[in-house]
Amino acid sequence: MPELPEVEVSRLGIQPYLEQHIIQCVKVHNGKLRWPVPEEVQLLEGEKVLAVKRRAKYLLIESKHGTAILHLGMSGNLRVVDGAEPLKKHDHVEIILASGKSLRLNDPRRFGAFLWQGVGEDHSVFEKLGPEPLTELFTAEYLFEKSRGKKQPIKQFVMDNHVVVGVGNIYANESLFKAGIHPKKEAGKISLKRYQVLTPIIKETLSAAIKQGGTTLKDFAQSDGKPGYFAQELLVYGRKGEPCVSCETPLKEIRLGQRSTVYCSKCQR
């Protein structure tokens, strides 16, 4: 599943092709996504794209009449192609621009979304979302207060979108290793001092992934362009049984919330 850095790189990739450009039309080839594509998306026809933003893992394409909300789901991707290029299998929605380019949402499993938010409205998908991790609202003090009385393992706690958005499985694994915190430790038993270590590490880990993903931006202008997961040097994720980079103890793997969790039993307490 695309995580926050992948979605942010998608935003950066499509932004130059959309912002301040006129939308010629929106074509819905298959509207049966996670939720039915609403007819209101046709209000984008003839409109100038004012901004391309991101909230959690949703991409927002803003116009004066409202905002299209895109989610990549489990397997979706966006690519910018020449409008005359033939559709590929699973190209479900496309935004055709007056420039001759087309933004296409390709989603084999159809767990993605293409929704609409009118001016002055707040779509229900944004209800109860926590703060963005790369903003000033996400602090150690916030995490500490939010975690009081919580028996939930810290890994699941920081992956909860009601607490903070966009800290997915890969980056939760990596951040907890760097902070030396055992993924099963109860969130409510972690001290403010340790949250003061963890919080900036989460920010740095996500920021580094976005920066690394920026090298793939050229792919968005190619017919098969899709960011996927960028090549990353991961310290623990996907390295079960391999030696810890710090102490060489073999890394262990457990399941938390049905997600793979890799950690060092010696370095993480």
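Tutor: Let's start with a term: a polar contact is a pair of N or O atoms within 3.5 Å; within protein, one must be able to donate a hydrogen and the other to accept it, and residues adjacent in sequence count only if both atoms are side-chain atoms. This is a predicted model, where local features need pLDDT of at least 70 and side-chain atom pairs count only at pLDDT 80 or more, while totals for chains, interfaces and linings use all residues. Residues are numbered from 1 along each chain as its sequence is written, and side-chain values use heavy atoms, leaving out hydrogens and water.

Student: Thanks! Which residue has its backbone nitrogen 2.8 Å from a polar atom of the side chain of aspartate 91?

Tutor: Aspartate 91 belongs to strand 6 (residues 91-97); helices (H or I, at least four residues) and strands (E, at least two) are DSSP runs, numbered from the N terminus. Its side chain also joins that of arginine 79 in a polar contact of 2.8 Å. The backbone nitrogen you want is that of lysine 88.

Student: And is aspartate 91 buried or exposed?

Tutor: Buried means under 20% relative accessible area, exposed over 50%, and partly exposed in between, with a 1.4 Å probe and protein chains only. Contact means heavy atoms within 4.5 Å, and beyond four places in sequence aspartate 91 touches His29, Arg79, Arg104, Leu105 and Asn106. With a relative accessible area of 5%, aspartate 91 is buried.

Student: In what order do the strands of the open sheet of four run?

Tutor: Strands of a sheet pair through backbone hydrogen bonds, either parallel or antiparallel, and two strands pair if DSSP finds at least two bridges between them. The edges here are strand 1 (23-28) and strand 5 (77-82), each pairing on one side only. The pairing is antiparallel and the order is 1-6-7-5.

Student: Which residue in strand 7 stands opposite arginine 79?

Tutor: Strand 5 and strand 7 (residues 101-106) run antiparallel and are joined by six bridges. In strand 7, the residue opposite arginine 79 is arginine 104.

Student: What angle does helix 1 make with strand 5?

Tutor: Axes are lines fitted to C-alpha atoms, for helices over the stretch in contact, and angles run from 0 to 180 degrees between N-to-C directions. Helix 1 packs on the sheet and touches strand 5, strand 6 and strand 7. The angle between the directions of helix 1 and strand 5 is about 35°.

Student: Why is strand 4 largely enclosed by the rest of the structure?

Tutor: Strand 4 pairs antiparallel with strand 3 over six bridges, and six bridges also join strand 4 to strand 8, again antiparallel. Leucine 70, for instance, stands opposite phenylalanine 114 in strand 8. Strand 4 (residues 66-71) is largely enclosed because its buried residues number six of six.

Student: Why does the pair of tyrosine 58 and phenylalanine 126 count as edge-to-face?

Tutor: Rings of Phe, Tyr and Trp (its six-membered ring) pair if their centres lie within 6.5 Å; planes under 30 degrees apart count as stacked, over 60 as edge-to-face and the rest as tilted. By this rule there is one aromatic pair. The ring centres of tyrosine 58 and phenylalanine 126 are 5.4 Å apart, and the pair is edge-to-face because the planes are at 80°.

Student: Which residue's side chain makes a polar contact with the side chain of tyrosine 195?

Tutor: Tyrosine 195 sits in helix 5 (residues 192-213) and counts as buried at 0% relative accessibility. A polar atom of its side chain lies 2.8 Å from the backbone oxygen of alanine 187. The side-chain to side-chain polar contact, at 3.3 Å, is with serine 147.

Student: How many residues of helix 4 are buried?

Tutor: Helix 4 (residues 169-179) is mostly covered, and what covers its buried residues includes helix 1 (4-18), helix 3 (154-158), helix 5 and strand 10 (259-263). Among the buried residues are Tyr171, Glu174 and Phe177.
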